[in-house]
Amino acid sequence: MAVDPLSSTFAALADPTRRAILARLAEGEATVKELAEPFPITVQAVSKHLKVLERAELITRGRSAQLRPSRLQGAPLKEAVDWLENYSRFWQESFDRLGARLQEGPGSG
């Protein structure tokens with residue numbers, strides 16, 4: 001069964017290590033070894049995270065001599081943001097109602 005791209009994006013983003021890797025790649029491309037440095041996990045574990053990110057098309061991996069630098073792909077993240085923004089009116093209205101309730105003060109409701 002094929003998984004839609006948005007589901008792949010959110011599944012990949014569900015892991016804090018992968019989110020940290022994406023944050024690092026937002027600064028520029030990096031090798032697996034460079035990406036593994038701040039984590040208490042093996043280079044092999046980081047490689048597995050990179051495969052998940054690559055399958056979700058959140059990163060691409062190039063070839064530079066014997067290195068395979070990874071770089072961030074922004075399009076899937078934009079699609080996730082666009083989907084979330086569909087709910088911004090709901091959130092804003094909820095915050096507006098909460099703000100109005102808080103301004104009414106205790107004992108008003």
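One term before the details: a residue counts as buried under 20% relative accessible area, as exposed over 50%, and as partly exposed in between. Asp82, with a relative accessible area of 32%, is therefore partly exposed. Please keep in mind that this is a predicted model.

I will stay with Asp82 and take the salt bridges next. A search of the whole structure finds three of them. In one, the side chain of Asp82 meets that of Lys78, at 2.8 Å from N to O. Both residues sit in helix H5, four residues apart, which is about one turn of the helix.

Arg89 is exposed, at 62% relative accessible area, while Glu93 is partly exposed at 38%.

Then there is Arg71, which pairs with Glu29; the closest N and O atoms are 2.8 Å apart. Arg71 belongs to strand E2 and Glu29 to the loop between H2 and H3, so this bridge ties together parts that are 42 residues apart in sequence. Arg71 is partly exposed at 33%, and so is Glu29 at 43%.

Now helix H4, residues 43-55.

Which residues of H4 are buried? They are Val46, Ser47, His49, Leu50 and Leu53. These cover an arc of only 160 degrees around the axis, which means they lie on the same side of H4. Gln44, Lys48 and Arg55, on the other side, are exposed. The buried residues pack against helices H1, H2 and H3 and against strands E1 and E2. Just after H4 comes Glu57, with a positive phi of about 60 degrees.

Last, the surface. A nonpolar patch of about 850 Å² is made by Trp83, Leu84, Tyr87, Phe90, Trp91, Phe95, Leu98 and Leu102. Helices H5 and H6 are the elements that give two or more residues to this patch. H6 gives the most, with five. Trp91 is located in H6 and is partly exposed, with a relative accessible area of 39%.

That is where I will stop.

Technical notes:
Residues are numbered from 1 along each chain as its sequence is written. This is a predicted model: local features need pLDDT of at least 70, side-chain atom pairs count only at pLDDT 80 or more; totals for chains, interfaces and linings use all residues. Side-chain values use heavy atoms; hydrogens and water are left out. Buried means under 20% relative accessible area, exposed over 50%, partly exposed in between (1.4 Å probe, protein chains only). The arc is that of the directions from the helix axis to the C-beta atoms. Contact means heavy atoms within 4.5 Å. Patches are made of residues with over 30% relative accessible area and no salt bridge: like charges are joined within 9 Å, nonpolar side chains (Val, Leu, Ile, Met, Phe, Trp, Tyr) within 5 Å. Accessible areas come from the Shrake-Rupley method with a 1.4 Å probe; for residues, only the protein chains shown count as cover. A salt bridge is a side-chain nitrogen of Lys or Arg within 4 Å of a carboxyl oxygen of Asp or Glu.
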